[in-house]
Amino acid sequence: MTQHERLLIIDFGSQVTQLIARRLRELHVYCEIHPYQKVTEEFLKEFKPKAVIFSGGPASVFAEGAPSAPPLVFQLGVPILGICYGQQLMMHLLGGKVERGHGTAEFGRAFVTPSAETLPLLDGWFAEGREQVWMSHGDHVSEIAPGFRVYGTSPNAPFAITADPERQFYAVQFHPEVHHTPKGAQLYANFVKLAGFTGDWTMGAYREEAIRQIREKVGDSKVICGLSGGVDSSVAAVLIHQAIGDQLTCVFVDHGLMRQGEAQEVVSMFRDTYNIPLIHADESDLFLNALEGVSDPEVKRKTIGRLFIDVFQKHAHEVGGATFLAQGTLYPDVIESVSFSGGPSVTIKSHHNVGGLPEKMGLKLVEPLRELFKDEVRALGRELGLPERFIGRHPFPGPGLAIRCPGEITRDKLAILRQADAVYIDQIRRHGLYDEIWQAFVALLPVRTVGVMGDGRTYDYACALRAVTSVDGMTADYYPFSHEFLGETATRIINEVQGINRVTYDITSKPPGTIEWE
């Protein structure tokens, strides 16, 4: 466990619990999310939280087997913040009353007005007389627990903000972690200030701590790392190399489905800039031959995944005597693998790890990023000195261009797609838009269209441009390019890329669409 000041988030099943952690990490406060079943009295004594947050959740405190918390949590003498279901549970356990909906449910935007009393938790709130918040509750508190007072109300939540300042127990019916509560970040900042956090969670401190832990775990053993060239695996590789040097060997499997110049860029950065031992496994013929005639997207993904494992295993044996496998697993992956209900773990997407290999090869895992969110990985990458062009790169799917080329894949189509994608990304960079966009790419469509170039007829492919904005990739909206940008980009692609005579722009959000086309 980390030695930083720690805040415990008890998860009662909210879909936005991760956002609480993100808000706190942005305040340089280290926190961990744990499902309520795990939070026993023994766990609390070992964890020693400096503060506790109860998340929201879909259950009712009246339901049989309703999620709860051990009584000891209220006896630790640390500040507690209850959110939505967390508020209701606090009232239920501390002597208040909760009632079922009966017309008092609130879902969506609401406005909270302050009571006459002030509360340090709400410093910076109510300058305009009321604050917008995001509600999502059916049940409601009908009577607050002894010692609590009311500090804010909404039309359907007379106890929207309650607190017992003497015990430093705070409870709100709304969700301050979501974007639709504009001053939610301020509320969390006030809470951690009240709890006495010094903000000791920095990437500089984490880097030194991680290097020490890697050295202790690995000793003089050898480590292999599956390097994709993405941010996560790149940061993990550089961090581990700083810890153990040439005991680490990276294996970069080039499946022939990378973007233009990408394989060479990855290899040169790691060999020349960082001098990390690297096996460049150019297996493009193997992958492309296996994908010949394949058009179903799921078959594409499974074929690539199966071959990747085979190829990685083959080249990993070249290292000889490796004991550990390094992966760029992130904290969201860890959270997703522990379900709120205590049921079977959720399957993590294939690009998050080298699925099945540790057991198959008898390897132990090294996952130095498993406590970090994506934005923290980027911050660590800057701390490690990775080039900004790598740290700020848009996400790239494990199957690569295979799923940006709907229908059958051919070498000719991949060449056209690479050129078009390079022009598009160049346009985005020229206009200074790259960092505003979560992900951008070209999809080469499996249709040909008639066109006119000069005095001649063309019959070439159509392509679709895709660019989205997002916070975490779970939802996304299309980027609002100007018509001038789109026109200029379409002209460049048609003029510079032989094989494309029509350009479209995909304005589908997620949901109902997905970011990638396949």
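Helices here are DSSP runs of H or I with at least four residues, numbered from the N terminus. The model is predicted. By that numbering, helix 4 spans residues 184–194, and Gly-196, which follows helix 4, has a positive phi near 85°.

**Helix 4**

- The buried residues of helix 4 are Gly-184, Leu-187, Tyr-188, Asn-190, Phe-191 and Val-192.
- These buried residues pack against several elements, namely strand 1 (6–11), helix 1, strand 3 (51–54), strand 4 and strand 11.

**Helix 1**

- Helix 1 covers residues 17–26, and because 7 of its 10 residues are buried, it is largely enclosed by the rest of the structure.
- The buried residues of helix 1 are Thr-17, Ile-20, Ala-21, Arg-22, Arg-23, Leu-24 and Arg-25.

**Nonpolar cores**

- In soluble globular proteins, nonpolar side chains tend to be buried together.
- The largest nonpolar core in this model has 47 residues, and the members that touch the most others are Tyr-424, Ile-428 and Phe-481.
- Helix 14 (residues 411–430) gives the most to this core, contributing 8 residues.
- Beyond its neighbours within four places in sequence, Tyr-424 is in contact with Ala-440, Phe-441, Val-442, Leu-465, Arg-466, Ala-467, Phe-481, Phe-485, Thr-489 and Tyr-505.
- Another core, of 44 residues, lies apart from the largest one; its members include Trp-201, Ala-243, Val-267 and Val-366.

**Helix 6 against helix 12**

- The axes of helix 6 (residues 231–244) and helix 12 (residues 374–384) come within 10 Å and cross at roughly 45°.
- An angle under 35 degrees would count as roughly parallel and one of 65 to 115 as roughly perpendicular, so helix 6 and helix 12 are oblique to each other.
- The crossing of helix 6 and helix 12 is left-handed.
- On the helix 6 side, the contact is made by Val-231, Asp-232, Val-235, Val-238, Leu-239 and Gln-242.
- On the helix 12 side, the contact is made by Lys-374, Val-377, Arg-378, Leu-380, Gly-381 and Leu-384.
- By class, the residues in the contact of helix 6 with helix 12 are 7 nonpolar, 2 polar and 3 charged.

- Cys-250 sits in strand 13 (residues 248–254).
- Cys-250 counts as buried because its relative accessibility is 0%, and the cut-off for buried is under 20%.
- Not counting residues up to four places away in sequence, Cys-250 touches Cys-225, Leu-227, Ala-237, Ile-276, Pro-277, Leu-278 and Ile-279.
- Cys-250 and Ser-234 are 16 residues apart in sequence, and their C-alpha atoms are 9.8 Å apart in space.
- Glu-262 lies in helix 7 (residues 262–273).
- With a relative accessibility of 5%, Glu-262 also counts as buried.
- Glu-262 is in contact with Arg-393 and Phe-396, leaving aside its neighbours within four places in sequence.

**Positive phi in loops**

- Cys-84 is not a glycine, yet has a positive phi of about 55°.
- Cys-84 belongs to the loop between strand 4 (80–83) and helix 3 (85–94).
- Cys-84 is buried, with a relative accessible area of 3%.
- Gln-168, also not a glycine, has a positive phi of about 60°.
- Gln-168 is in the loop between strand 10 (157–164) and strand 11 (169–172).
- Gln-168 counts as partly exposed, at 22% relative accessibility.

**Cis peptide bonds**

- Lys-510 and Pro-511 are joined by a cis peptide bond, with omega about -15°.
- A cis peptide bond also joins Pro-511 and Pro-512, where omega is about 15°.
- Pro-511 lies in the segment after strand 20 (500–505), and Pro-512 lies in the segment after strand 20 as well.

Key
Residues numbered from 1 in each chain as written. Predicted model: local features only at pLDDT ≥ 70, side-chain atom pairs only at ≥ 80, totals over all residues. Heavy atoms only, no water. Helix = DSSP H or I, 4+ residues; strand = E, 2+ residues; numbered from the N terminus. Buried < 20%, exposed > 50% of the residue type's maximum accessible area, 1.4 Å probe, protein only. Contact = heavy atoms within 4.5 Å. Core = buried A, V, L, I, M, F, W, Y, C linked by side-chain atoms within 4.5 Å. Axes fitted to C-alpha atoms, helices over the stretch in contact; angles between N-to-C directions. Parallel < 35°, antiparallel > 145°, perpendicular 65-115°, else oblique. Left-handed = near helix turned anticlockwise from the far one by under 90°. Nonpolar A, V, L, I, M, F, W, Y, C, P; charged D, E, K, R; others polar.
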